[in-house]
Amino acid sequence: MATIIPVASFDCVVFGATGDLTTRKLLPALFYRFQDEQIPETSRIIGASRTEISAEEFRERARDAIKRFVPPQDIREGALDGFIAHLDYVHVDGAGEEGWSALAALLAERPDQVRPYYLATSPDLYGPICRNLAKHGLIGEKSRVVLEKPIGKDLTSARAINDAVGEVFPEHQIFRIDHYLGKETVQNLLALRFANTIFERLWTADVIDHVQITVAETVGVEGRAGYYDRSGALRDMLQNHLLQLLCLTAMESPLNLDANAVRDEKLKVLRALKPITANDVHQVTVRGQYGAGAVNGQPVEGYLKELDGPSRTETFVAMKVEVQSWRWAGVPFYLRTGKRMPQKLSEIVVQFRASPFSIFPEESFGREPNRLVIRLQPQEGMKLEVMTKDPGPGGMRLRPTNLDISFEETFKQRYPDAYERLLMDVVRGNATLFMRRDEVEAAWAWADGVLKAWADRPETPRPYPAGTWGPTAAIALIERDGRTWHEELR
Ligand SMILES: NC(=O)C1=CN([C@@H]2O[C@H](COP(=O)(O)OP(=O)(O)OC[C@H]3O[C@@H](n4cnc5c(N)ncnc54)[C@H](OP(=O)(O)O)[C@@H]3O)[C@@H](O)[C@H]2O)C=CC1
Ligand SMILES: O=C1O[C@H](COP(=O)(O)O)[C@@H](O)[C@H](O)[C@H]1O
């Protein structure tokens, strides 16, 4: 069992308390942390939204949310009642005047608490809410503000949000969430690379042929079609989650685990990304949009039907990306992400080069290259493919076999959701797993280049049937280079 260290007593104000994110993710995450006795008894979680409900009604909604989103076997007797007693609610208009005095009065009851303000609202409210917090004297040394993604839709809008929030909060009190950084297996990348000598020494263009990063989802756009259609796979997933995975894979060793040391190294990777322009955009990127098909044996509608209208938004994107540095010169990073794919799967595949010369006969597959597969979700684990001798007296025949670690079997404990870790880090004031302003802006600066190239050379997204690995052009993107996507159904 992991040791659980309680955090300081806090009052966490969740703006957007009646919304989807709070219901599905934040309340269950806080519940788990409470049940594990990580949250002190004097802490409060204060919901804040415009909906006019009483604190009691909010508590009942929260109870329902936890029963719905936490498996019953995980809820210990009495824990739910205990947790609910820590909840309060104020109806507040984040962008207006209403409710702020009531919120200020509630917070004044416990002036010494750590005070995270979690903005689970649309990003256009981040500036107004922060200004209101300042106007009502609610920001102090122990305050932090948590910003959900997306931070803008391009560099200009990201800067505007960062400026507005930065007017009232210093950078060290701003926590920009990318929930992928809170996933245990993503953090494990740091351990894999920097706590083991064997991998880091091989982590160079001399030894690595290419890297693949896949984040595939089986879900469609669910109830978020309005947001998603303005966004698309590049903005929704690649600009943040996939680039963060790329950064952790490609960055140099940070001096230590301090927030700025880690973020400095990630920033260097983002700044080293080779720009994609109108000249090469159709060679190195593929946009796709799902049509009707079947996922997990169930028929599903196409994107346009779900949206109920025309759209050129991509629900899939694949790219060949280059990191322009000594370590990575000539090593392509193939990234792809999409909705309505055959399985939910996030993984990083590091493909090593073939041995330069084989002493084994050709038919024994003696030059098969090694491959490291880091499985981020689900069935978290790591697999290193190595060549071994096929047992038996029939000569020296080789075949690839796996050094396989399943985290579930190894650790035999529940994997906490990313939000559990991230919320506790906010209270602790540890920003290592959060994005700094310059990182977000560097990621947008690069993504804007891709968006501009697409706008300069417009192309309708290529259709792919739901339940497949994207348009055939995505297969061609990698096969043109004599490589192939790692696809292994589990
Ligand atoms: N849902 C998800 O899975 C994910 C969401 N996100 C991000 O999290 C944020 C919230 O998303 P989600 O929960 O899905 O959105 P919802 O639309 O479900 O919820 C929005 C919330 O904002 C509140 N709200 C709206 N206007 C105001 C206002 N003026 N003052 C105070 N509260 C207000 C709404 O309550 P009321 O109407 O009562 O005011 C509601 O509680 C977004 O930025 C989204 O992009 C990021 C990753 C995943
Ligand atoms: O941020 C987002 O992430 C989810 C995928 O997250 P995961 O933890 O389930 O892998 C994605 O569905 C959503 O569109 C996006 O906004």
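Helices (H or I, at least four residues) and strands (E, at least two) are DSSP runs, numbered from the N terminus. The structure is a predicted model, in which local features need pLDDT of at least 70 and side-chain atom pairs count only at pLDDT 80 or more, whereas totals for chains, interfaces and linings use all residues. Residues are numbered from 1 along each chain as its sequence is written, and chains are lettered from A and ligands numbered from 1 in the order in which they are written.

The unreviewed UniProt entry places the feature "domain: Glucose-6-phosphate dehydrogenase NAD-binding" at residues 13-188; UniProt positions are given in the numbering used here, feature names are shortened, and annotations may be inferred rather than shown by experiment. The chain is divided into domain 1 (11-148) and domain 2 (181-414 + 438-479), with bounds that come from an automatic or database domain assignment. The centres of domain 1 and domain 2, taken over C-alpha atoms, are separated by 35 Å.

A residue is termed buried if 20 or more other C-beta atoms lie within 10 Å of its own, exposed if 12 or fewer, and partly exposed in between, with C-beta atoms placed from the backbone. A nonpolar core is a set of buried Ala, Val, Leu, Ile, Met, Phe, Trp, Tyr and Cys residues joined through C-beta atoms within 7 Å. The largest such core has 126 residues, and those with the most contacts inside it are Val14, Tyr118, Leu119, Val145, Leu246 and Leu335. Helix α9 (residues 225-250) supplies the largest share of this core, twelve residues. At least three residues of the core come from each of domain 1 and domain 2. Contact between two residues requires C-beta atoms, placed from the backbone, within 7 Å. Residues up to four places away in sequence not being counted, Tyr118 touches Cys12, Val13, Val14, Phe15, Leu26 and Val146.

Ligand 1 is surrounded by 22 residues, of which the closest are Gly16, Gly19, Arg50, Thr51 and Gly94; a residue is near a molecule if its C-beta atom, placed from the backbone, lies within 6 Å of it. This shell comprises nine nonpolar, eight polar and five charged residues, where Ala, Val, Leu, Ile, Met, Phe, Trp, Tyr, Cys and Pro count as nonpolar, Asp, Glu, Lys and Arg as charged, and the others, Gly among them, as polar.

For "binding site", the unreviewed UniProt entry lists His179, Lys183, Glu217, Asp236, Lys339 and Lys344. Glu217 lies in the loop between β7 (208-216) and α9 and is partly exposed, with 19 other C-beta atoms within 10 Å. Neighbours within four places in sequence aside, Glu217 is in contact with Lys339, Met341 and Lys344. Asp236 belongs to helix α9 and counts as buried because 23 other C-beta atoms lie within 10 Å.

Two cis peptide bonds are described here. The bond from Lys149 to Pro150 is cis, with omega near 5 degrees, and Pro150 is found in the loop between β5 (143-147) and α6 (155-166). Gln377 and Pro378 are also joined by a cis peptide bond, with omega about -20 degrees; Pro378 occupies the loop between β14 (371-377) and β15 (381-389). Glu37, although not a glycine, has a positive phi of about 60 degrees and lies in the loop between α1 (20-35) and β2 (44-49).
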